[in-house]
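Take a look at it first, and then we'll walk through it together.

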Amino acid sequence: MRTLLIFIALALIVMIGKRLLQKSRTRPTQRAVSANMVQCAHCGIYIPQHEALARDSRFYCSAAHRDEDHD
Ligand SMILES: [Zn+2]
């Protein structure tokens with residue numbers, strides 16, 4: 001009975017340890033991505049800045065929206 005409890009305790013420690021490692025690994029990349037999100041000036045969708053099309057300090061999700069947005 002004791003060995004079973006020790007085994008369960010070790011399994012829990014390993015599981016929690018793995019989760020903590022995964023969280024600390026994924027967090028910095030998610031922050032970096034969300035920090036570079038820009039909004040399309042035409043439809044309002046959010047896209048990564050490196051995928052957006054820029055014109056006159058505005059960003060667009062596609063060439064069609066960039067061309068449609070006149071003002
Ligand atoms: Zn758009």
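Let's start with Ser57, which sits in the loop between S3 and S4. Keep in mind that you're looking at a predicted model. Ser57 isn't a glycine, yet its phi is positive, at about 60 degrees. Is Ser57 buried or exposed? With a relative accessibility of 74%, Ser57 counts as exposed.

Asp56 is in the loop between strand S3 (53-55) and S4 too. Its phi is near 50 degrees, again a positive value in a residue other than glycine. Asp56 has a relative accessible area of 65%, so it's exposed.

## Who holds the zinc?

Now for the metal. Which residues coordinate the zinc ion? They are Cys40, Cys43 and Cys61, each through its SG atom, plus His65 through ND1. The distances run from 1.9 to 2.4 Å. If you follow the donor residues along the sequence, you'll find the spacing C-x2-C-x17-C-x3-H.

That spacing brings separate pieces of the chain into one site. Cys43 belongs to the loop between strand S1 (37-39) and strand S2 (46-48), while His65 belongs to helix H2 (residues 63-68), so this pair ties together parts that are 22 residues apart in sequence.

## The geometry of the site

What arrangement do the four donor atoms make around the zinc ion? It's tetrahedral, because the angles they subtend are 95 to 126 degrees. For comparison, the ideal angle for four tetrahedral donors is 109.5 degrees.

A disulfide is a covalent bond between the sulfur atoms of two cysteines. How many disulfides does a search of the whole structure find? The count is zero.

## How confident is the prediction?

The chain has a mean pLDDT of 87, and 83% of its residues reach 70 or more. Which elements have the lowest and the highest mean pLDDT? Helix H1 (residues 2-35) is the lowest, at 80, and strand S4 (residues 58-60) is the highest, at 96.

Note on methods
Residues numbered from 1 in each chain as written. Predicted model: local features only at pLDDT ≥ 70, side-chain atom pairs only at ≥ 80, totals over all residues. Heavy atoms only, no water. Donors = N, O, S within 2.8 Å, 3.2 Å for Na, K, Ca; no water. Tetrahedral: all angles 85-135°; square planar, octahedral: opposite > 155°, others 65-115°. Helix = DSSP H or I, 4+ residues; strand = E, 2+ residues; numbered from the N terminus. pLDDT = per-residue confidence, 0-100. Buried < 20%, exposed > 50% of the residue type's maximum accessible area, 1.4 Å probe, protein only. Disulfide = S-S within 2.5 Å.
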